[in-house]
Amino acid sequence: MAFDVKNLAMINLTIQIFLVILLSYAAFLAKKLDLQKHCKIIRIAVLLQIAAIGVVMLPSMLGYIENGAPGVLFNTEILFTTPWEYW
């Protein structure tokens, strides 16, 4: 099932908002010194974030790099020229 880019962005935004709420609750638990629950919540949040990166952000980044976007990561033309040569 293919997702529309806007739907995928909204799903990612929803996950990120959920993670902010989850991490705020984890901080509250840490302040109350309930560290077992705090650690469990942090583990869940890290796994959710890794999943969001792998499913949403990484394919987008790879597509951006494949299309030859100028100045992205390992573009040797930009890395090995002086500013006055490039401009």
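Here is a short chat about a predicted model of one protein chain.

Me: What makes helix α1 the element with the highest mean pLDDT?
Reply: Its mean pLDDT is 92, on a scale that runs from 0 to 100. Helix α3 (residues 76–79) sits at the other end, with the lowest mean among the elements, 53. For the protein chain overall, the average is 80, and 72% of the residues score at least 70.

Me: How do you know that α1 is close to its expected span?
Reply: Take 1.5 Å times one less than the number of residues. α1 has 27 residues, which gives an expected 39 Å, and the reach from its first C-alpha to its last is 39 Å too.

Me: Why are N12, L19, L22, A26 and L29 in α1 called buried?
Reply: Buried means under 20% relative accessible area, so each of these five names in α1 falls under that cut-off. Across the protein chain, buried residues make up 14% of the 87 residues.

Me: What makes the pattern of the protein chain α-α-α-α?
Reply: The secondary structure comes to 4 helices and 0 strands, so reading along the sequence you get a run of helices, each at least four residues by definition.

Me: Which residue just after α1 takes a positive phi?
Reply: That's L33, with a phi of about 65°.

Me: How much of the accessible surface belongs to carbon and sulfur atoms?
Reply: The surface of the protein chain comes to about 7300 Å², and 71% of it belongs to those atoms.

Notes. Residues are numbered from 1 along each chain as its sequence is written. This is a predicted model: local features need pLDDT of at least 70, side-chain atom pairs count only at pLDDT 80 or more; totals for chains, interfaces and linings use all residues. Side-chain values use heavy atoms; hydrogens and water are left out. pLDDT is the predictor's confidence in each residue, from 0 to 100. Helices (H or I, at least four residues) and strands (E, at least two) are DSSP runs, numbered from the N terminus. Buried means under 20% relative accessible area, exposed over 50%, partly exposed in between (1.4 Å probe, protein chains only). Accessible areas come from the Shrake-Rupley method with a 1.4 Å probe; for residues, only the protein chains shown count as cover.
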